[in-house]
Amino acid sequence: MTIGESGVLIDGTPTRVLSGSINYFRIVPEQWRPRLRWARYMGLNTIETYVPWNLHEPQPGEFGFNGMLDLAAFLRAAQDEDLHVILRPGPYVCAEFDFGGLPAWLLRADGMRLRSSEPAYLAQVDSWFRELLPRVAQLQHDQGGPIIAMQVENEYGAHAKAFGGDAGYLTWLVDTIHEHGIRVPLLTSDQDDDAMVAAGGLPGLWRTMNFGSEPERAWDTLAAHQSGRPKMCMEFWNGWFDHWGEEHHTRDPQDTAAVLDRMLAAGASVNFYMFCGGTNFGFTNGANHFEHYQPTITSYDYDAPLSEHGTPTKKFEAYREVLSRYTTLPRIEPPAPAARIGGHAVDLLRMVPLLDALDALSVTHTASKPMTMEQLGQNFGFTAYSFDIARARTYVLSIPGVRDRAQVFTDGVERGVLERESGVTSMVLRVARPSTTVTVLVENLGRINYGPELADAKGVLGDILLDGAPVDGEITMRPLPLDNVDTVDFATAKPAEHDIAGPVLLTGELLLDEVGDTFVSLPGFSKGLVWVNGFNLGRYWDRGPQHTLYLPGPLLRRGSNAFRVLELHHVLSPRILLTDTPDLG
């Protein structure tokens, strides 16, 4: 692909890039091809995807490219569906993903300047790119592969506006990318803000824009910084994401279709962000911090043209009609609808209190001061901090650096909740007997993925205070990444009752004759997580807006299916339901 005054040329042919965002790491691999086929059927000729460093290198030097992380397989699948690829390898990607796709272990080095020319940071990026880029270099278009362009960093102008620009960092990234054999055109993308566009690009790179409306204004902003290059909206925000406790965001299909029409009428290329959003499985959701901390929900449906579960929406038809005026729609059959099941109940018949299962789920660390999750070598999940109080009396317990939500227990009974989001970080703690053990169970609700608070360590930052003074004595810490809850002995667990206090692990089995996509509903539950056949579907929380969890059909099997639920607070009745209809609020 070449980029010039006449526009984008692919194999010498003028081409308008009509692209859609699909993040392979948010979709199980068995469902990649149907999503890609839907993109082609809508009229797209390109797919864009981020590459999440944090998932591919969960610990320094430990790389993974299998299963949901088989990037090469995803890229080849896109090519098989007659789609080009724009690859966005970061190293920072935002994406409403934990830490913007940066690995949590970067936070072990106190004060490292992220997204900068600091040598310690560049050394880690270099190590990552040495592993990643040779894998994708052979999949460039001139090598017979699908990759036609690659993005350098992501909305770096917003970071530069907040912290001051570091053009040397962008230059280093470009040089490093080229050193590893990348020859496709490189681009940057920034929001419609003059200062951001100015700081987010470099001479010689194709500058593109991110916005959801008013394309004419965006083109004017771009024109002040770039001439002789085609216009492209790299992120057309046709929907939006949700935080816990908010209403579900939607945008009118006809309104966004009209914005699309105006872009295409101006001769621009476009990338739908998102085309299919997918799911923040497990603990991978990100968070924002503007006025206060706000974690993102499990669903990344994004009100996109293709839903979280891969079904075309009203937007899909509206966009396809607009695209038909500017391109020839492919004569292909759409994918067959995915099988869907519902009407099943799963009785969770056995239970294990979480605090009784710490030995099976964790290893013990001790220190005189709390350590963060990252210092403990932990990326996701929970950490339990325990300490003893010698005297029986009433105290004020304060954890100013709680990250992000803490349940406080004495004698295995919850006494209160401290949380970053609400700002409630102190409570009255009544200790009824001498030599009482206090356990503070801290949940990482998702690292911030955008903005000046990006360096977002988890667990307890600083001290745990009693009456304003640091806890005296040894603190025991138990990391709970919950990668495998089946290390708990459920076979000898006691029968589950009704009206159960958390935190508690519950288990049940479901026999299925047929499998298909379904949605997990948890009436009477409060907050927690669900695993199916060992796969972590993600968090549920009764504050909404999301009230079901998407369960992809490929995760189920004919015969017996194991369901595990961690309920943190309270269960009225230990039964969950599978329904054929999602409820995102």
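Glutamate 321 pairs with arginine 325 in a salt bridge, and their closest N and O atoms lie 2.6 Å apart. The model is predicted. Across the whole structure, a search finds 37 salt bridges.

- Glutamate 321 is partly exposed, at 40% relative accessibility.
- Arginine 325 is also partly exposed, with a relative accessible area of 47%.

**The pair of arginine 393 and aspartate 467**
- Arginine 393 forms a salt bridge with aspartate 467. The closest N and O atoms of this pair are 3.0 Å apart.
- Arginine 393 has a relative accessible area of 33%, so it counts as partly exposed.
- Aspartate 467 has a relative accessible area of 40%, so it is partly exposed too.

**The pair of glutamate 81 and arginine 37**
- Glutamate 81 and arginine 37 form a salt bridge, with the closest N and O atoms 2.6 Å apart.
- Here too, distant parts of the chain are linked: the partners are 44 residues apart. Glutamate 81 lies in the loop between α3 (71-80) and β6 (84-88). Arginine 37 belongs to helix α1 (residues 32-42).
- Glutamate 81 is buried, because its relative accessible area is 11% and buried means under 20%.
- Arginine 37 is partly exposed, with a relative accessible area of 28%.

- Salt bridges with shared partners join four residues into one network. Its members are Arg33, Arg37, Asp80 and Glu81.

**Helix α1**
- Helix α1 is mostly covered. Eight of its 11 residues are buried.
- The buried residues of α1 are Trp32, Arg35, Leu36, Trp38, Ala39, Arg40, Tyr41 and Met42.
- Those buried residues pack against several elements. The strands are β4 (18-22), β5 (46-50), β11 (269-276) and β34 (548-551). The helices are α3 and α10 (314-323).
- Glycine 43 follows α1. The phi of glycine 43 is positive, near 120°.

How values were computed:
Residues numbered from 1 in each chain as written. Predicted model: local features only at pLDDT ≥ 70, side-chain atom pairs only at ≥ 80, totals over all residues. Heavy atoms only, no water. Salt bridge = Lys/Arg side-chain N within 4 Å of Asp/Glu carboxyl O. Helix = DSSP H or I, 4+ residues; strand = E, 2+ residues; numbered from the N terminus. Buried < 20%, exposed > 50% of the residue type's maximum accessible area, 1.4 Å probe, protein only. Contact = heavy atoms within 4.5 Å.
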